[in-house]
Amino acid sequence: MPRVFSGIQPTGELHLGNLLGAIRQWVVDQDTHDAVFCVVDLHAMTAPYDPASLADATRRTAALLLAAGLDPQRCTLFVQSHVPAHTELTWILNCVASFGELRRMTQFKDKSGGQESVSVGLFDYPVLMAADILCHDTDRVPVGDDQRQHLELARDVAQRFNHRFGETLVVPEPAIPPIGARVMDLQDPTSKMSKSADSPQGTPLLLDPPDVLTKKIRSAVTDSGREIRYDPENKAGVSNLLEILSVVRGTPIPDLEASLAGAGYGDLKSTVADAVIEYLAPVQERYAALEDDPARVDEALALGAAKASSVADGVLRRVRSATGLLTRQ
Ligand code: AQP
């Protein structure tokens, strides 16, 4: 089976965008692919963070992925720092990637803008991400739209590596969903919903209780018109709500427009809130059970690290040999 790989940062509470843009596809991929998923704790160190809470955040993120439907028997789920091949390959790829191409990354520009001190790690984030993907011989990478540029860089670096050292690395393809790939902030529907944006009201979290979800969705910013129509350019807020509803209900947007014809924005928001609450209920139930059983999460992660290491170590052996490093006897 072709291999998929994707990762998520333990940088905060997971939100609806993470689920609709990425994780929901990962759950499906378990049955059609050799599926490998990773909590990328080393990426979380590229911005200021609290060392006292990183381990807990990593375990909670893994628990939430299990609650969302990842099954350690049907996929490989592990923590990035538990598989040292990721950082070793990062160094080697650092010697292939160029300063100029990293400087052009829009996420780096966004996250470094206005900061007094920017870590080399933040600058190098896309190379670590390339190593994550390439050290698993990945064929497909299911991600949200915001990761498109980083994925293009991973492909460029793999192709350059192969050109310089001979065919060694698998060049991955992106898999960006046609709908839900860029869920927007409910309070600012022209900006991506994000863990680190300071917009708690615009960001429905996967573990928000039903009354909080209702409040956030009912206070979503729309426009002064009345028509419920999918038009992201002129009706960003309404279009975002329609996209969310389309994904969680599994109903095409034109069918939603038809069924909501004549309804008001208040009706749309109530319908979206009810649908999101229903969609998240089983995830929240499973998470509550896992929260009381951290050993089950640690066990799944240990199994995943062993499976992931055996693949990544094999890729690293090929890379060391191709790049001319002396083999350790
Ligand atoms: N708003 C979104 N819509 C659709 N997909 C999204 N993803 C993130 N936000 C949206 C996808 O979720 C996966 C995991 O993301 P991540 O945590 O590794 O990094 P991120 O893209 O940086 O996510 P955030 O929430 O915006 O985190 P911060 O604020 O920490 O940077 C990825 O596949 C991503 O595309």
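Predicted model: local features only at pLDDT ≥ 70, side-chain atom pairs only at ≥ 80, totals over all residues.
Helix axes are lines fitted to C-alpha atoms over the stretch in contact, and angles between them run from 0 to 180 degrees, taken between N-to-C directions.

On the α3 side, the contact is made by R59, A62, A63 and L66. On the α13 side, P294, V297, D298, A300 and L301 take part. By class, the contact of α3 with α13 has 7 nonpolar and 2 charged residues, and no polar ones.

The second largest pocket also draws on these two helices. Its volume is about 210 Å³. Helices α3, α12 (265–291) and α13 each supply at least two residues of its lining. The most comes from α13, with 4 residues. The lining of this pocket consists of L66, A67, L70, P72, Q73, R286, A289, L290, R296, E299, A300 and L303. L66 and A300 belong both to this lining and to the contact of α3 with α13.

Helix α9 (residues 210–218) packs against α12 at an angle of about 145 degrees, with the axes 9 Å apart. The crossing of α9 past α12 is right-handed. From α9, the contact involves P210, L213, T214, I217 and R218. From α12, it involves G266, K269, S270, V272, A273, V276, I277, L280 and Q284. The residues in the contact of α9 with α12 divide into 8 nonpolar, 4 polar and 2 charged.

A probe the size of a water molecule, rolled over the atoms, shows where empty space is left. The count comes to 1 cavity of 30 Å³ or more. The largest cavity has a volume of about 40 Å³. Q107, F108, K111, L122, Y125, P126 and H150 form its lining. Helices α6 (106–112) and α7 (120–134) each contribute at least two of the lining residues. By class, the lining of the largest cavity holds 4 nonpolar, 2 polar and 1 charged residues.

Definitions and conventions
Residues numbered from 1 in each chain as written. Heavy atoms only, no water. Contact = heavy atoms within 4.5 Å. Nonpolar A, V, L, I, M, F, W, Y, C, P; charged D, E, K, R; others polar. 1 Å grid on protein atoms, 1.4 Å probe; cavity = no way out; pocket = protein on both sides within 12 Å on 5 of 7 lines; lining within 4 Å. Points joined across faces, edges and corners; volume = space filled by probe spheres on them. Left-handed = near helix turned anticlockwise from the far one by under 90°.
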